[in-house]
Amino acid sequence: MRTPVAPRRVAAGLLFAVTSAASLAASAPALASSSYTLFESGQVRPLALSPSGDLLFALNTPDSRLEVFRVHEGGLIHRSSIPVGLEPVAVAARSETEVWVVNHLSDSVSVVELSPGGFGGHVERTLLVGDEPRDIVFAGPARRRAFITAAHRGQNNPNDPELTTPGVGRADVWVFDANHLGASLGGAPLTVLTLFTDTPRALAATPDGARVYAAGFHSGNQTTVVTELLVPDGGEANGGTPGPTTNAEGAPAPEVSLIVKFDGEHWVDELGRSWDEQVRLSLPDKDVFAIDAMRNPPRPVAGASGYFTGVGTILFNMVVNPVSGKVYVSNTDARNEQRFEGPGVFAGQSLRGHLHESRVTVLGAGGVAPRHLNKHIDYSVCCAPTPNAESEKSLAQPTDMAVSSDGATLYVAALGSSKIGVFSTAALENDTFVPDAADHIEVSGGGPTGLALDEARGQLYVLTRFDNAISVIDLATGAEAAHVPMYNPEPPSVTIGRRHLYDARSSSAHGDSSCASCHIFGDFDSLGWDLGNPDEVVTTNPGPFVGPLLNLFTQQPMPREFHPMKGPTTTQSLRGMANHGPMHWRGDRTGGNDAPTAQPDSGSFDERAAFRKFQAGFTDLLGRSGPIPAADMEAFTDFILQVTYPPNPIRSLDNALTPDQQAGRDTFFSGNLDGTAICNGCHVLDPGANPGADKPGFFGANGNMTFDFQPQLIKTPHLRNLYQKVGMFGMAAPMFGILPGDNDPKGDQVRGFGFLHDGSFDTLFRFFRGMGFSPFTGFTNQFGTFPDNPAGLPDSPAGDVVRRQLEAFLLAFDSNVAPIVGQQITLRGGNAAVVGPRVDLLIARADAGECDLVAKSHLLFHEIGFLYTGAGHFAVDRTGLPPLPDAALRQIAVATGRALTYTCAPPGSGYRVGIDRDEDGFLDGDERSAGSDPADPADTP
């Protein structure tokens, strides 16, 4: 009888087989293009030095890796590349051999164990946190506590996000004891703190680790909107919208809503008129919070001393002065309480060339002191060709910062200027600095997002996002001593076109603004803007239209036109515009009025033609003296139409719907009007429509426009990001659709703009209830005959149940990728029972075609990659080895103790992420064995 072989010996044998030398593959042709999904995640803290200063850790965000460099005077020596989660955005070194990486898309933190000297490393543990984590710092006793910001939602958050509850903070800070991470699936946090602001971003710790500061991201500026239904008609003379009441050619402007700002006592418009009775919420504008990191567990500092208000509108990053203890916050402040774009007779009150101000705000015992970085700009003069002497002194969109150990010098990365600003902290705090291009350091790669200060060598390391590289700056000369590229899987259309989203030096009159000033990292700013232009003319709305062009309230025809005085609209995301037709809320960025062609997707359905119409934004809004070159606009278009939506964090990871969500979906697709679906009839949900790389389907919109209970025709909007708009409660009751008693003040809230094109509806439920009351009956269109209630929902508790169900479904609406995309977990010795079900889930979703499942392990200094090929098997990154059964792969990790991290990558990217990094047709393991570089398609076996 044969003696049974011990499981550990079996696993060791498998591991030897996986990593032993094998015959090299025959030469294979390189793949035609990179299988890359563009999410355009914003980097927060992409560089960090080891405690000794000998190693530099850099995040290769597009390649989902941590790159390790040995530092020397004048340059960097690459040591290792370690796969982490998807879209890493922040890194912090706990020691020379332990580095933590925050993965924005994966909702995770990778705890990386390095070999001495940085020669190799691997993910030893994966922590699961809330949605879209962004930053990390170590603080508390012996700095062993890790603080991580994440949105107050997500499938890995065990707490109810309370999406429909007023007065809930939307910013979480997860705190882990780094020495005791727990045995649960994603780690056991000491606490999860919820702060009263919107989605968080930046963290900073005091030098002694006693206090941590946490900041909201879209923190707002105490502006909100009064719905058109509550603004008197007839313009300023009747107490309505401030003038003018017509455009330059005399066409009467439509009745619109009104943006108001809290002045400390009242909600006022630009004329100083009070609208207190029409606002049923308060916006305390709590921006930065102080956390006592030494308490057990850590908790926010109590009272008014525990937070700062009025810091800025969009807060990017923070750093603490190690000597004075003052906190510097890089931010932009929006001027959306002002109206209009464009030049002409109304230019004096327009936003042209002055949308935002780039600032560093100083927080200290004396309070909050904003410092405008571009105070040299004369905003009354517009608009000289760019670049010019004034614009070259500007710094746009300040992101990461670094402060010298003596507290005297602050370095500021200006993403939109491709420069590093150098400031005397004393001059900054006293506001005595004079903007001067001589105080700027140019970085050749463009788009600086990360800084690491190496005072021992007199060097500053700068991560340049535009070309995915690192610049080494000699601080003695202010010159770039070296520029070190990292491997980038992004196609050229992405790397070439990206700069046109951010580059303020070429796109704005004063060098201080760009498209990214409002469309933050390609998304939105959570604000509403009135960007009408009274000097423009009325143009034809070419459609296409769904339903009759008839105002259902007045029974009067709706004009097929775009009036230039459109009123407030909330900033729309630039994500997911492919296959969604004309752009802007009204669809007024459209190719439908161009000469018709016989090409597919032409006219109103030509997204490229629609996006080209944004040329007007460079002149009328950013103040450029003329449009950007046509070739640049084409490159911008190539880039932006690839940006896609992330997974919906409200939907279950198995893509199943809760009973309420399913009931809401049934209502969405059910026959409400004579057997025809009223919701899906306009908001088309069809992920399989027009399949193809550039045709991702329909997600609530297919390019049509319709009557939307507004004085203007509105394009039917997509519904993928409704969960991001939660947090405004307190809309004053219009004349229809609100239950008695629902007009009570709702108190403090974190957002001033909610749903609908102008952000005036605070909740989806109230919008549906508003539709439940109708002043018309018996109206017939292509949907059939409207009853008294157009949504088919009775004004009753039972009807409210249906509305809540529909709201639940829309908050969990389908997105471009499934909820499982990005999710990951690490299997290692001792945790198989806990981790096994999660691995089962990842495999099941891969089998369903929702993701490409990859796995990564290691042997000594070498990475080993696996790609799930279906039927319970994983291909190995060696062509000479057969696929491994799932059970055998798990046994390797469990029996040998070598951590194995599984990740669900976007469909189509698994081959690259898992086994052929540079997509040259030669597997990574074969390349390593042959001595060629798996990250260089020109270097093959």
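**Entry 1: strand S2 and its partners**

I began with strand S3 (residues 65-72), which pairs with S2 in the antiparallel sense over six bridges. Two strands count as paired here if DSSP finds at least two bridges between them. Strands (E, at least two residues) and helices (H or I, at least four) are DSSP runs numbered from the N terminus. The model is predicted, so local features need pLDDT of at least 70 and side-chain atom pairs count only at pLDDT 80 or more, while totals for chains, interfaces and linings use all residues. Residues are numbered from 1 along each chain as its sequence is written, and side-chain values use heavy atoms, with hydrogens and water left out.

I found Ala58 opposite Glu67 in S3. The hairpin of S2 and S3 has four residues between the strands, and Ser64 in that turn has a positive phi of about 55°.

On the other pairing, I noted three bridges joining strand S1 (residues 47-49) to S2, again antiparallel. Ala48 has Phe57 of S2 as its bridge partner. Five residues lie between the strands of the S1 and S2 hairpin, where Gly53 takes a positive phi near 80°.

Is S2 buried or exposed? I looked up six of the six residues of S2 (residues 55-60) as buried, so the strand is largely enclosed by the rest of the structure. Buried means under 20% relative accessible area, exposed over 50%, and partly exposed in between (1.4 Å probe, protein chains only). In a regular strand the side chains alternate between the two faces of the sheet. In S2, I list Leu55, Phe57 and Leu59 on one side and Leu56, Ala58 and Asn60 on the other, and all are buried.

**Entry 2: a four-stranded sheet**

I traced an open sheet with the order S9-S10-S11-S12 and antiparallel pairing. S9 (136-139) and S12 (191-195) stand at the edges with a single partner strand each, so one side of each has no neighbour in the sheet. Neighbouring strands of this sheet are turned by 25° against each other on average, direction ignored. The axes are lines fitted to C-alpha atoms, for helices over the stretch in contact, and angles run from 0 to 180 degrees between N-to-C directions.

S9 and S10 (residues 145-151) pair over four bridges. I noted Ala146 in S10 as the bridge partner of Phe138.

**Entry 3: aromatic pairs**

I counted rings of Phe, Tyr and Trp (its six-membered ring) as paired if their centres lie within 6.5 Å; planes under 30 degrees apart are stacked, over 60 edge-to-face and the rest tilted. The count comes to 19 aromatic pairs. Phe611 and Phe636 form an edge-to-face pair, 4.9 Å centre to centre with 90° between the planes. Phe611 lies in helix H6 (residues 607-612) and Phe636 in helix H8 (residues 630-640), so the pair ties together parts that are 25 residues apart in sequence. Phe611 is buried at 2% relative accessibility, and Phe636 is buried at 1%.

I then looked at Phe874 and Tyr902, whose ring centres are 6.1 Å apart with planes at 70°, so this pair is edge-to-face. Phe874 sits in strand S46 (residues 873-876) and Tyr902 in strand S48 (residues 900-905), so parts 28 residues apart in sequence are tied together. Both Phe874 and Tyr902 are buried.

I also recorded one aromatic cluster, formed by Phe217, Phe316, Phe466, Tyr502 and Phe521.
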